[in-house]
Every structure is written in C-alpha cells, then in structure tokens.
Amino acid sequence: MRPAVFLDKDGTLTVPDDGVIADPARLRLMPGAGEALARLQAAGLALVLVTNESGIARGAFTRVQFAGLQAALLRRLKDEFGVTLDDVAVCPHAPDAQGRPACLCRKPAPGMLTRAARAHGLDLARSAMVGDLLDDVEAGHRAGASGLLVDTGGETTWRRSPLREPDAVFSDWPSLCEHLLRAHASTWTVDAQDLPPPDRFGAAIAPKDL
C-alpha cells in the first residue's frame, strides 16, 4: 500500500481567486507547489487533491465550470512540472446552518480521504493531509493520517481541539516538501528493517514464500 499526500486546493495548492472559475487562465499555483509535488511524486508518494466546493450546491458555479478549472489545473501541473495527480476528490455539498458538514465527504469529515484510500490502495497511517485550514488537519486525523497546516492566512478562526492540532505548521512549500520527504524516507527505513533476510540470490524472501 502506498503512502499519499492529500492536498487541499484553495490557499494550499492554488492562490485563492474568486474569478478563477469563470477564467481558468487566472489560475496561479502557490509558490513552490509545483516543484514540491514533482519531488514528492518522484519519491513514490501518491498525490490526491481533496477539495470542498460548496459553491456548486449554492449555485455560485456549475459542475461544468468546475470541471473546466480542474482540467486547467491538471494540465498545468502536467505540462509545467510533469506531475500527474492520482485522483481528484470533490465535495459539492454545502454545510448545515451551523457551518458543519451535512454529508460524509465535506472536510473536516474524512470521507474523501477514506474513499480515495480504498480506491487506490493507499496507506492512511503513512499519509498526510496538507491544507491551510484546521478543517483540513481534522479531516486528516479523522482518516487516520497526519494533519499538516500550511499557514498562508486562510485560517482565521483557529478553533482548537485535539483533532484540530496540526502535527506540524509550515509557511511555505519547500519546507513542507522537505518534511514530507524526510517522513517518507524514515517509514521506508522502518519497513526495510522489517523485511526477512535476502536469499542466496540477493532477493528478499516474501513472507508468503516462507
């Protein structure tokens, strides 16, 4: 099972812009995000975008408009950085009157993460949710992953609880990327120590062959 980085969109991967839905040409990536994703993907980490898009439910934009923005984002990542996302998970539902999820997928609910993990064979215990809101952190923790906060100014309420306490906080993508790569390397080291000794041909003997 592969570890993954689950990515929030607005304020984390892309610069928030109310007009970008109508004009995908205005799409801008956060500084260093594209280069970081290329390094993470090269290291073997799955990349999954998980985004709340309540504007669909509210009628602020249509599914077709969002699909156009999604296509522009995927094309930009591929053309400029050689990055292909493993999946894009979208919650189109609005929150309830108190601002809480009224579905199982809207973050801070973990539905988008757990569904992607089942679909792609992802190891949530070795994965991380990255976002600019404590709702993202909580979604990661509820799914069984770590929760990392990119403090780009999106979080203004700072409603704290154990589930909403970030495992680490970063101010930019390069430092976040280095943290994720170190964490990934350490888990592979632990995994390698758990493998049985190699056979006489130098290949590890799988448990099923013992």
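Which residue forms a salt bridge with arginine 100? The partner is aspartate 96, and the closest N and O atoms are 3.2 Å apart.

## About the model

This is a predicted model, in which local features need pLDDT of at least 70, side-chain atom pairs count only at pLDDT 80 or more, and totals for chains, interfaces and linings use all residues. Residues are numbered from 1 along each chain as its sequence is written, and side-chain values use heavy atoms, with hydrogens and water left out.

## Salt bridges

Side chains of opposite charge can pair when their charged atoms come close. Here a salt bridge means a side-chain nitrogen of Lys or Arg within 4 Å of a carboxyl oxygen of Asp or Glu, and the whole structure holds 14 of them. In the pair we opened with, arginine 100 has a relative accessible area of 48% and aspartate 96 has 26%. Both values fall in the partly exposed class, which lies between buried (under 20% relative accessible area) and exposed (over 50%), using a 1.4 Å probe and protein chains only.

Now to glutamate 178 and arginine 39, whose closest N and O atoms are 2.7 Å apart in another salt bridge. This one links distant parts of the chain, 139 residues apart: glutamate 178 sits in helix α6 (residues 173–194) and arginine 39 in helix α1 (residues 33–42). Helices (H or I, at least four residues) and strands (E, at least two) are DSSP runs, numbered from the N terminus. Glutamate 178 is partly exposed at 32% relative accessibility, and arginine 39 is partly exposed at 40%.

Elsewhere, salt bridges join Asp135, Glu138, Arg142 and Arg164 in a network.

## Nonpolar cores

A nonpolar core is a set of buried Ala, Val, Leu, Ile, Met, Phe, Trp, Tyr and Cys residues joined through side-chain atoms within 4.5 Å. The largest has 35 residues, of which Leu37, Leu40 and Trp173 touch the most other members. Several elements each supply at least two residues of this core, including α1, β2 (46–52) and α3 (63–81). Its largest share, 5 residues, comes from α6.

Beyond its neighbours within four places in sequence, leucine 40 is in contact (heavy atoms within 4.5 Å) with Val5, Leu45, Leu47, Trp173, Cys177, Leu180 and Leu181.
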